[in-house]
Amino acid sequence: MAFKRAKITGVGRYLPDYVLTNEELESYVDTNDEWIRTRTGISERRILKDPDKATSFMATNAANEALKDAGVSAEEIDLVVVATVTPDYLFPATAALVQKRVGAKNAFAYDLSAACSGFLFALSTVGSMIESGRIKKALVIGADKMSSIMDFTDRSTCILFGDGAGAVVLEETNEDTGIVDFIQYTDGDEDNMLYQPAGGSLHPATEETVKNKQHYIKQDGRSVFKKATEGMADVSSEIMEKNNLKADDVAWLVPHQANLRIIHATARRMGLDKNKVMVNINKYGNTTAATIPLCLYDWKESLNDGDNIILSAFGGGLTWGAIYLKWSK
Ligand code: ACO
């Protein structure tokens, strides 16, 4: 059987127009622009204000742009995967709605839940399916309407997140490019370090759960920060070692955008200069599954054939991992 890899051939995104600044957040909770910027690196984030629009809307727009960028028609797509923790509904899958709306009538579709590592886990899963020869072309989308689960009276969480979607077209190639390797981990979070308490089968929605604000994100910020810093730095250096990559060999680090201090710690461990690290957390905050494809979109004109790129993420689950890919379009 011919050697196969999966490579990214198109990138798209959707960001809502509404810009929620740190200054505006000062009017909701006891916080200030300086605290948010120095502790997180965030200056503003986007919010999808229209109550009739949700994750599938953003994902569909991002997917359409990625298809156009790749020059691939929707009918050619075999699989649509949406990584999200804010699906439009618990079921049907948001990916099924996207499949219909983009016109990917020959594709099957499902959602993948791995929180902030969702895009990374989806890319490795779909990439492996392409490598196996089962499918040829897929849409991999990271999309979250975090504002739908943010408590705008809780200063420890509402300053962190934003809404957005990023999408890539992943295609079969016989070249020695695309996804080369991945390492992924999970450590089940029985301590509820980072979670949404209600709305699942354990605590379905009741008047009580709504009154107690259990449909919003809860986290132990300090513990998550420590785990994320260790996890992202460890797995990123591990994938470099495993593939005999020195810092000079790496063109770009594409880190999940949760906190600028976590990103810098990861880059330091990898021995990378800051100019090799994609950072847009200042503009969009933490968009959960969308952060990595939103970075790829913002930097796509700077990517060159042959660039060694490390994607790295940490998130709820707990989940974390890294992907090594060699760029070519
Ligand atoms: N404005 C002002 N003060 C605040 C705010 C705020 N928005 N939030 C907390 N504080 C206060 C705290 O009450 C505390 O005050 P105290 O010392 O009087 O008790 C002080 O600031 C320090 O609080 P810490 O929680 O220790 O602050 P820290 O430096 O850890 O920063 C943060 C908090 C930004 C949440 C950090 O822990 C973090 O980024 N954690 C990772 C969380 C995360 O990214 N979660 C997203 C999902 S997981 C992922 O994507 C990796």
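**Close-ups of the cysteines and the ligand site**

**View 1. C158 sits far from a partner.** In this predicted model, the sulfur of C158 is 16 Å from the closest cysteine sulfur, the one in C116, and that's too far for a bond. A disulfide would need the two sulfur atoms within 2.5 Å. C158 is also buried, with 0% relative accessibility.

View 2. The disulfide count comes to zero.

**View 3. The ligand lies between two domains.** Domain 1 (5–176) and domain 2 (180–326) both give residues to the shell around the ligand, so the ligand ends up between them. That shell holds 22 residues, and the closest are T31, R39, R222, H256 and N259. Sorted by class, you get 10 nonpolar, seven polar and five charged residues.

**View 4. Helices at the ligand.** Both α2 (33–40) and α7 (221–242) supply at least two residues of the shell. The top contributor is α7, which gives five.

View 5. In the side chain of R222, an N or O atom is 2.6 Å from an oxygen atom of the ligand. H256 brings a polar side-chain atom to 2.8 Å from a ligand oxygen. With G221 it's the backbone that takes part: one of its N or O atoms lies 3.1 Å from a ligand nitrogen. Taken alone, the ligand exposes 990 Å², and the protein buries 77% of that.

Key:
Residues numbered from 1 in each chain as written. Predicted model: local features only at pLDDT ≥ 70, side-chain atom pairs only at ≥ 80, totals over all residues. Heavy atoms only, no water. Near = heavy atom within 4 Å. Polar contact = N/O pair within 3.5 Å; in protein donor to acceptor, adjacent residues only side chain to side chain. Areas by Shrake-Rupley, 256 points an atom, 1.4 Å probe, with all protein chains shown as cover. Helix = DSSP H or I, 4+ residues; strand = E, 2+ residues; numbered from the N terminus. Nonpolar A, V, L, I, M, F, W, Y, C, P; charged D, E, K, R; others polar. Domains from an automatic or database assignment. Buried < 20%, exposed > 50% of the residue type's maximum accessible area, 1.4 Å probe, protein only.
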